Amino acid sequence: MKMRRVLFFLMALLLCSIFFSASRHHRRESDDIEAQKEEQSRRKIRQLTAKEEFDIFRKAYPFVKFELGYDKEISDWTLSVTSYDKTTIFYRCDGLYLPKEQLANRDHFWRVIYNYQRILRDPADFTEEEKRRIRNYGSDENRKNGAVSSKFIFDAIYDCATQHSTETHLRSMTLWGKPLSVNRVVGEVVDRVEAKVYELAKTDAEVAEFLKNLGSCYGYNWCQIRDSPTRSFHSYGIALDILPRGWGNKIVYWGYEKQNGNADWMLIPLKDRWLPPPAVVKAFEDEGFIWGGRWAVWDNMHFEYHPELLLASKIYEKM
């Protein structure tokens, strides 16, 4: 009888071991599938041709002259950008658009055109691998020494290589009654967004409440990205921060949560974060702005004018 009990216990232990092993294998397999899907999504970016990107830039920035060429010596496409009576040559460099002197540093930069998707991921759906990568991306080490966005082409488009040249192209204006300064070209787009949102507020109670509780708007500011060695797009006058009243008591930015000791900042439920109304976000995106709330390192108050990404997204959708 005692022997039977021992055998029964051992069998139960073996079955539990098999069950948990199968469970772990299933989770690993699920994570592997998700990782493969993301890798396939990243590969789609590399399918954009030089001609496709050239056409995207021309449509996104009609006030700029772009010319596509080819350098046989370096075996790469070139893009000539003429704006504000200045011409700059960039090498495509697999979508990084670098000046010749930066070609040796290609590993330090991200692509200019990437797959911006107008979806809001629920952190509850993140795989373990996604959590690990997002946490690593937000680490102090990566923020200081990791790759950064390639902004050289925007220096040429907006004539923003120096603070002085940037500030000659600014416009002081208001957005929903709040003062801010932005690049003049972007200011015209902001005017359209403002008008759309005012119209929405007439019939959308959530939008009306958003405007009622608006605290402040910020545009141009010559500065670096927080914890990063690269200039912010605020330094170009093409980025906006929109904050509600009492925003200091709300969850608006991943970095603040990380600084406050929350190692799982990427898992904060969407319902607990301050978010602009979807209709407001759509009004911005329809006019060529991207929203920082869609990033893995979310910045819910932040919008950047990148019409090239919204145009490119239509191509990615067909791939």
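**View 1. Cysteines C217 and C223 in a predicted model.** C217 is buried, at 4% relative accessibility; buried means under 20% relative accessible area, exposed over 50% and partly exposed in between, with a 1.4 Å probe and protein chains only. C223 counts as partly exposed, at 22% relative accessibility. How many disulfides are there? The count is zero, where a disulfide is a pair of cysteine sulfur atoms within 2.5 Å. This is a predicted model, in which local features need pLDDT of at least 70 and side-chain atom pairs count only at pLDDT 80 or more, while totals for chains, interfaces and linings use all residues. Residues are numbered from 1 along each chain as its sequence is written, and side-chain values use heavy atoms, leaving out hydrogens and water.

**View 2. The largest nonpolar core.** This core holds 70 residues. A nonpolar core is a set of buried Ala, Val, Leu, Ile, Met, Phe, Trp, Tyr and Cys residues joined through side-chain atoms within 4.5 Å. I153, W176 and F289 touch the most other members. Helix α7 (residues 184–201) gives the most to this core, with six residues. Helices (H or I, at least four residues) and strands (E, at least two) are DSSP runs, numbered from the N terminus. A second, separate core has seven residues, including L96, L98, L103 and V148.

**View 3. Around F289.** Contact means heavy atoms within 4.5 Å. Neighbours within four places in sequence are left aside. Among the residues in contact with F289 are V186, V189, V190 and V193. I238, L240, F284, F303 and Y305 also contact F289.

**View 4. Helix α2 against helix α11.** The axes of α2 (residues 50–60) and α11 (residues 307–318) come within 9 Å and cross at roughly 135°. Axes are lines fitted to C-alpha atoms, for helices over the stretch in contact, and angles run from 0 to 180 degrees between N-to-C directions. That makes α2 oblique to α11; angles under 35 degrees count as roughly parallel, over 145 as roughly antiparallel, 65 to 115 as roughly perpendicular and the rest as oblique. E52, I56, F57, K59 and A60 in α2 meet P307, E308, L311, A312 and I315 in α11.

View 5. Most residues other than glycine have a negative phi. C93 has a phi near 45°, and W176 has one near 55°. C93 sits in the loop between β3 (86–91) and β4. W176 sits in the loop between β6 (170–175) and β7 (178–183). C93 is buried, at 3% relative accessible area. W176 is buried too, at 7%.
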